[in-house]
Amino acid sequence: MSNVIQDATPAQAARGLSKGTLSQRHLPRWAPAGFAAVSIALGVAVGAGAGLHSRIQWGLIAAALFVVVSYVVTSAVENRRQAKDRLATSVVWVCFLLAVVPLLSLIWTTVGRGVKVLDGYFLTHSMAGVPGFETGGGVYHALIGTLEQVGLATLVSAPIGLLTAVYLVEYGKGALAKAVTFFVDVMTGIPSIVAGLFILSIMLIAGLAPSGLMGALALAILMIPVVVRSTEEMLKLVPNELREAALALGVPKWRVILKVVIPTAIGGITTGVMLAIARIAGETAPIMLLVFGSQLINTNPFEGAQSSLPFYIWEQYRVGSEASYDRAWAAALVLIAFVMILNLVARGIARWKAPKTGR
Amino acid sequence: MAITTDNAPAPPVAGKPGPTSTGRAGDKIFLGLSQGSGILLLVIMASIAVFLTYRASLALAENDGNFLTTFDWNPAGDPPVFGIAVLLFGTIVSSLVAMVIAVPIAVGIALFISHYAPRRLAAPLAYVVDLLAAVPSIIYGIWGALFLVPYLEGLNLWLDEFLGWTYLFEKTEVGVARSLFTVGILLAIMILPIVTSVSREVFLQVPRMNEEAALALGATRWEVIRLSVLPFGRSGVISASMLGLGRALGETMAVATVLSPSFVISLHLLNPGGGTFAQNIAAKFDEANELGRDALIASGLVLFVLTLLVNGAARLIIARRKEYSGANA
């Protein structure tokens, strides 16, 4: 690979030189901003002229124009190499903006439609006795379900994940550690519905009834690999000098791990667990298979059907009336707020508690 | 139930060893616990395969049709008939559409964050893309069904008019855009963050020497990327796309809300209809009897094997690349 570079680049550089790099014309520094302004103006003009209603279509037209305009102008004023460079730059910018559009649209829609019925009543009442197609009712039973199921899943998976990561970092050598590392990676990719089906097959064999616990076990399967991966990264960041200093004082290894290694990395570990919680809090499929959903408040996760926020959204979406759509959006807003807050707090902790790496 | 009863280890308590203790016993217990949870992970993976296979075999024994080629899903019928042909087709087609859309854009975003964005903005911008991954799939689902589907009507008409001759984009059935193509677009948005973040990591690992050498020879930024960044990152991008593919294959709720399922195979991507493994499980589970559930488990087993192969291959590519770049550094 390095040969390719050494062969190809001088040739191109030579081509550039033969044209006289030093005397070339250059576009001013503000040129990209100028192109952007021109293409946005054109995009709006074309969009409005053609009678397109959607602002996003206007934006897409403007983006395409931006790419074309900057290529054409640059190749006219400078040269083809510079034009290609400019083309790549503008395409890359457009790619990024393309990714932001759905995110903004999604958040905009969820907030816009969600605030309609989201109030204190919605948060503190269940759907008991409320026909799906009528207004009223709330999300309280689903909130309780989500909190309990996610809490149980965390109780199961956090210790297992933490210990596995400790094993991989502190003890792990040989075939077993390699196998565990590989399967942790593969496990990250298990579809949530397959985790649900796995617990379902156990339930069918053992004759167990749906309950919050079953859902929590499926969620735990999804959560363990995430916890392992993030904890592993954090434990690796703990400087070896700390371990060696403690061991040199004659402290047994398990106390070194418990009293030195884990406390040093605890910020990052907490972050990892919180991100994992944020990931599983939105899982619908296992809940649908294993917890069954309920309109009523059931505070016992070990017995009887429960609901959960994502399942509630699915349920309300399926009812298919205006009132139920409103409830679905409101619940979606609650769920997104929950997940985003967890995310932000987790990253905050990560920055605040980041272990100092030797530098 | 092996998971909760005998194996879930409680977090070890930091008990105070007596003054004469050397801590050897503690060491053994701790090693046992941590090794045990590593082994537990392997046991879980193995038992997923075993349990799914067992229940699936019960269903397959009763199946009157051919599991691989039947275009029907009726395990409650007499005799029960079900097959995964349509589901396999729909799963692969929608995931491929997602890949075709997502991978180039994701590579662009990854390059943007690693090489183009202003240095100080790179980290926050990366975080914005990661936020896309934090949105729960059911919310993508209702956004897709209630917002994106009506929205894509215009695009569908346009594609049909100008690209209809490609067969793929010919719309032969009237109906809202609850098609495999729409599902593909939605899946593309959902797998953008993972493909982006893995590619970004690889692009950031490109040896600075290579880039600076190219720059010193007068290469433009695009030439640096084409000559030193992309060749270095190629295998990383491939494995990133496969990780994305793994996600897209198993996505349930977003597909279940957007698609209007039907048991036909058609390469007219814009026609409503089709189905995927996960979507079929979500849609058929409520009305399924015990045989129906086992049949769904059988289809889930196929999905499991599919994602296992794709993810395993992706991880192997990454692992091999690691050794290679280590030797190269």
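User: What makes residues 30–50 or 87–108 of chain A a "transmembrane region" here?

Analyst: That label comes from an unreviewed UniProt entry, which also covers 328–350 among others; such annotations may be inferred rather than shown by experiment. The model itself is predicted, so local features need pLDDT of at least 70, side-chain atom pairs count only at pLDDT 80 or more, and totals for chains, interfaces and linings use all residues. Residues are numbered from 1 along each chain as its sequence is written, and chains are lettered from A, ligands numbered from 1, in the order in which they are written. In the model, residues 87–108 of chain A are 100% helix, with end C-alpha atoms 31 Å apart.

User: Why is α9(A) called largely enclosed?

Analyst: A residue is buried if 20 or more other C-beta atoms, placed from the backbone, lie within 10 Å of its own. In α9(A), 23 of the 26 residues pass, so the rest of the structure largely encloses this helix.

User: What makes chain B a partner in contact with chain A?

Analyst: Contact needs C-beta atoms, placed from the backbone, within 7 Å. By that test, 86 residues of chain B are in contact with 85 of chain A. Helix α2 of chain B gives the largest share of chain B's side, 18 residues.

Methods: Buried ≥ 20, exposed ≤ 12 C-beta atoms within 10 Å, placed from the backbone. Helix = DSSP H or I, 4+ residues; strand = E, 2+ residues; numbered from the N terminus. Contact = placed C-beta atoms within 7 Å.
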